[in-house]
Amino acid sequence: MFGKKKRPEDMTEKELVNLEKRAETDPKAMLELANLYYEGKRVAKDYGSVFKLYSKAVELKYAPAYANLGYCYSYGIGVQRDEQKAIKFFEMGVKLGDVAALNNLGFCYKNGKGVRQDYQEAIKLLRLAADKSSVYAYYNLGECYSNGLGVERNIKKAIEYYTFAADKGHSASQYILGECNQFAKWGFKENYSQAILWYERAAQQGYAKAQSALGSCYEFGYGVRQDYREAAKWYGLAVKQGDVDAQCFLGDLYHHGLGVQKDINRAVQLYKLSAAQGHSLAQYSLAECWEREVGGLKRDVIEIAKLYRLSAEQGFHRAQCSLGNCYFNGCGVKKDVSEAVKWYKLAAKNGNATAQAKLKQLHVV
């Protein structure tokens, strides 16, 4: 979304001072300095300064600044969120031929953000941006073709767009290709080694989903030597960004002392964060912790049944079986054998051996 950045770690103090001086009058320098304030590298993170610098560059009619200022309005960066103003600045940037503005406006039409959703308009704008080699446009077009948004669904074409963006360093596209290789999606053959390469490229750029996926590969030894400490490292990086999967999986490592010192309290804390975002395994694990009164939790049958239900309704077979037990024993819910059987059947259908045995005991076919 933003202008080209100089790597902050390569910038000397003298260069930083010089950049700040140039940013008083030079719009290109304004964008460079704004990016530093946005990332909080070499200078303290300051969204107010980001907005002021982009605004100043727009006043000087610097084309690349319009997309950035629109982005600030779109997401409330240093200014009150205003999607209508965002669209206004994106459109002004498009008139000046700015590629980022083309992509951003196309993204807005694709997602109905600040404008009425219009896939055809989105495709038109994104293709114009792609013609100017925008990696973001290629990614967005990949989403359109993979989901049939405004175009006939075409996985081959989607892969071409994702691959172009991934080769140019687009982290989300790299992650998608990693998934394709790991899970043999969209005609790919299972290739853990290639999946690891894509995940690593995205994870090293700070893409949380890739960090979590890479953590899972190290935890279970998919394409790499099993290494719980390495798994904990990558999960930890993703957790810092609020990744719901990583919160649950790192919780498991703390729960069992794998790659980290065993810490049930920390595990419960992570389960709570993940469960609050709707993660079915975290909801189940948290309920189990409540059942066992670990991590400072005192048994609360109503909360336990509630968590099992939230997880069970998402199809998690262990939670379905446990919820069946709650109904069978009247624990946290009113005793109801027919309801218990319903949940046992769902769990059994999903391959839960305990539920299958329970149904056999109850002589239920």
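A residue counts as buried when its relative accessible area is under 20%. By that cut-off, 48% of the 365 residues of the protein chain are buried. The model on screen is predicted.

**The whole chain**

Start with the whole protein chain in view. Its C-alpha atoms fill a box of roughly 80 × 50 × 40 Å along the principal axes. A cartoon display will show 20 helices and zero strands. Of the contacts between residues at least 6 apart in sequence, 43% join residues at least 24 apart.

Next, colour the chain by pLDDT. The average is 94, and 98% of the residues score at least 70. Now select residues 1-5, where the pLDDT is below 50. In the model this stretch has 17 contacts beyond near neighbours in sequence.

**Helices H11 and H12**

Select residues 192-203, which form helix H11, and residues 208-220, which form helix H12. Their axes lie 8 Å apart, and the packing angle is about 135°. H11 is therefore oblique to H12. Show the side chains where the two helices meet. On H11 the contact is made by Ile196, Tyr199, Glu200, Ala202 and Ala203. On H12 the partners are Ala210, Gln211, Ala213, Leu214, Cys217 and Tyr218. H11 passes H12 in a left-handed crossing.

**Helices H16 and H17**

Move on to helix H16, residues 280-292, and helix H17, residues 301-312. Here the angle is about 160°, with the axes 8 Å apart. Angles over 145 degrees count as roughly antiparallel, so H16 and H17 are described as roughly antiparallel. The crossing of H16 and H17 is left-handed. From H16, the contact includes Ser280, Gln283, Tyr284 and Trp290. From H17, residues in the contact include Glu303, Ile304, Leu307 and Tyr308.

**Val333**

Select Val333, in the loop between helix H18 (317-329) and helix H19 (337-349). Which residues does Val333 touch, not counting those up to four places away in sequence? They are Ala305, Arg309, Cys326 and Tyr327.

**Cysteines**

How many disulfides does the structure hold? It holds zero. Pick Cys108, which is in no disulfide; the nearest cysteine sulfur belongs to Cys144, 13 Å away. Cys144 is likewise in no disulfide, and its nearest cysteine sulfur is that of Cys108, at 13 Å. Two cysteine sulfur atoms are a disulfide when they are within 2.5 Å. Cys108 counts as buried because its relative accessibility is 2%. Cys144 is buried too, with a relative accessible area of 0%.

Most residues other than glycine have a negative phi. Two stops remain on this theme.

Select Trp186, in the loop between helix H10 (171-183) and H11. Phi of Trp186 is near 55°, a positive value in a residue other than glycine. Is Trp186 buried, partly exposed or exposed? Its relative accessibility is 26%, so Trp186 counts as partly exposed.

Finally, go to His363, in the segment after helix H20 (353-361). Phi of His363 is also positive, near 60°. With a relative accessible area of 73%, His363 is exposed.

Definitions and conventions: Residues numbered from 1 in each chain as written. Heavy atoms only, no water. Helix = DSSP H or I, 4+ residues; strand = E, 2+ residues; numbered from the N terminus. Contact = heavy atoms within 4.5 Å. pLDDT = per-residue confidence, 0-100. Buried < 20%, exposed > 50% of the residue type's maximum accessible area, 1.4 Å probe, protein only. Axes fitted to C-alpha atoms, helices over the stretch in contact; angles between N-to-C directions. Parallel < 35°, antiparallel > 145°, perpendicular 65-115°, else oblique. Left-handed = near helix turned anticlockwise from the far one by under 90°.
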